[in-house]
Amino acid sequence: MACKVLKIGQISDIHIGEDESLVQGIDVRANFMKAMNSESMKDLDLLVLSGDLANENAEPGAYKYFAEFLAKLDIPYCIIPGNHDRIEVMEPYFDFLKGKVHNGKCYYRYDIASRSIFFLDSACGEVSQDQLAWLKEEAPKVKGEILLFLHHPPCFCNHRFMDLRYHLKNMLEVQKVLEGLDNLTHIFCGHYHSEFEIELGRQVVHVAPSSQMQIDPNTPYFNLKSAAPGWQTIKWGENFVETQVYFE
C-alpha cells in the first residue's frame with residue numbers, strides 16, 4: 001500500500017507586532033492571512049510556522065494572535081521559535097508546546113501518517129549541544145525518511161546581507177551532525193527573508209521566503225526587495241519531496 005502524500009504548508013518570519021500597527025510600514029497580519037488564504041494552502045495535512053512569529057522582541061500580543069488563530073484551525077500545526085522569539089514568553093500561549101521545551105530550548109519529534117518530522121531551536125543563533133546529541137540519537141531510530149525544520153539555514157546561502165551578519169553561529173558543527181543522518185535528505189528553514197535551495201552534500205536545504213517582506217540578497221546592507229508575502233508548500237510522498245514557493 002502506497003504511503004499518503006502529505007502536504008505541508010510552511011510560513012516563516014511573520015513578524016507580528018504587539019497589536020495591529022504596521023511593522024516597518026507593512027501590514028504583516030494581512031500578509032500572513034494572504035498566505036493562509038491562498039489557494040496553494042488548501043488541503044494541508046500540516047502547517048509549520050518556522051520562527052520569528054513575533055516582530056522584534058517576543059511581543060506577547062503576537063503570541064496571543066497566533067494562539068487564537070491556530071485554535072480555530074482544523075488541521076494540525078507545528079511551531080518553532082526564531083531569533084526574534086523567546087520560548088519562555090511563547091510557551092504559556094500554546095498548549096502544543098507542553099513537553100517540547102527542554103532546558104529552555106524547543107525541540108521535538110512530530111509523527112504524522114507513520115512518518116516523522118524533527119524540529120530544532122536555533123533562536124539564540126546556534127543549535128545547542130543537547131539538541132545535536134538528541135538528534136543524533138533519535139533520528140536513526142526512525143525507519144524511512146525524515147524531514148527537519150529549524151529557523152536558521154545550516155549553511156551559507158549566497159545572501160550577502162544575511163550571510164555576513166546573521167548566519168548560524170555553529171554551522172560547521174551542525175553540518176557534521178546532519179551529514180551523519182542517513183535518513184535525512186531535506187532540511188527546511190526560514191530566517192533569510194529570501195527563497196533559496198542549497199545543495200549541502202547529499203542533502204538539500206530549502207529556505208522559505210518571509211510572509212513579512214523579502215530582503216535583497218545581492219547587497220551587503222539591508223535593502224528591501226519586496227513587501228509582498230512569500231510562503232512554501234511541501235509535498236512528501238514515498239521516495240519524493242517536492243517544494244513550491246509562492247509570492248502574493
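Me: Which residue in strand 11 stands opposite Ile 187?

Reply: In this predicted model, the residue opposite Ile 187 is Val 205 of strand 11. The two belong to a parallel pair: strand 9 (residues 184-189) and strand 11 (residues 203-207) are joined over 4 bridges.

Me: What is the strand order of the open sheet of 5 strands?

Reply: That sheet reads 3-2-1-14-15, and its pairing is mixed. Its edges are strand 3 (77-80) and strand 15 (240-247); each has a single partner strand, so one side of each is left without a neighbour in the sheet. The average twist from one strand to the next is 20°.

Me: How many bridges join strand 14 to strand 15, and in which sense do the two run?

Reply: Strand 14 (residues 230-237) and strand 15 run antiparallel, with 8 bridges between them. Within this pair, Gly 237 has Phe 240 of strand 15 as its bridge partner.

Me: Which strands does helix 1 lie across?

Reply: Helix 1 (residues 28-36) lies across strand 1 (6-11), strand 2 and strand 14. Relative to strand 1, helix 1 runs at about 165°.

Me: Turning to the backbone, what is the phi of Ala 58, and where does this residue lie?

Reply: Ala 58 is not a glycine, yet its phi is positive, at about 50°. Its place is the loop between strand 2 (46-50) and helix 2 (60-71). Because its relative accessibility is 2%, under the 20% limit, Ala 58 counts as buried.

Me: Is Asn 158, another residue with a positive phi, buried or exposed?

Reply: Asn 158 is exposed, because its relative accessible area of 64% is over the 50% limit. Its phi is about 60°, although Asn 158 is not a glycine. The loop that holds Asn 158 lies between strand 8 (146-149) and helix 5 (160-165).

Technical notes. Residues are numbered from 1 along each chain as its sequence is written. This is a predicted model: local features need pLDDT of at least 70, side-chain atom pairs count only at pLDDT 80 or more; totals for chains, interfaces and linings use all residues. Side-chain values use heavy atoms; hydrogens and water are left out. Two strands pair if DSSP finds at least two bridges between them. Buried means under 20% relative accessible area, exposed over 50%, partly exposed in between (1.4 Å probe, protein chains only). Axes are lines fitted to C-alpha atoms, for helices over the stretch in contact, and angles run from 0 to 180 degrees between N-to-C directions. Contact means heavy atoms within 4.5 Å.
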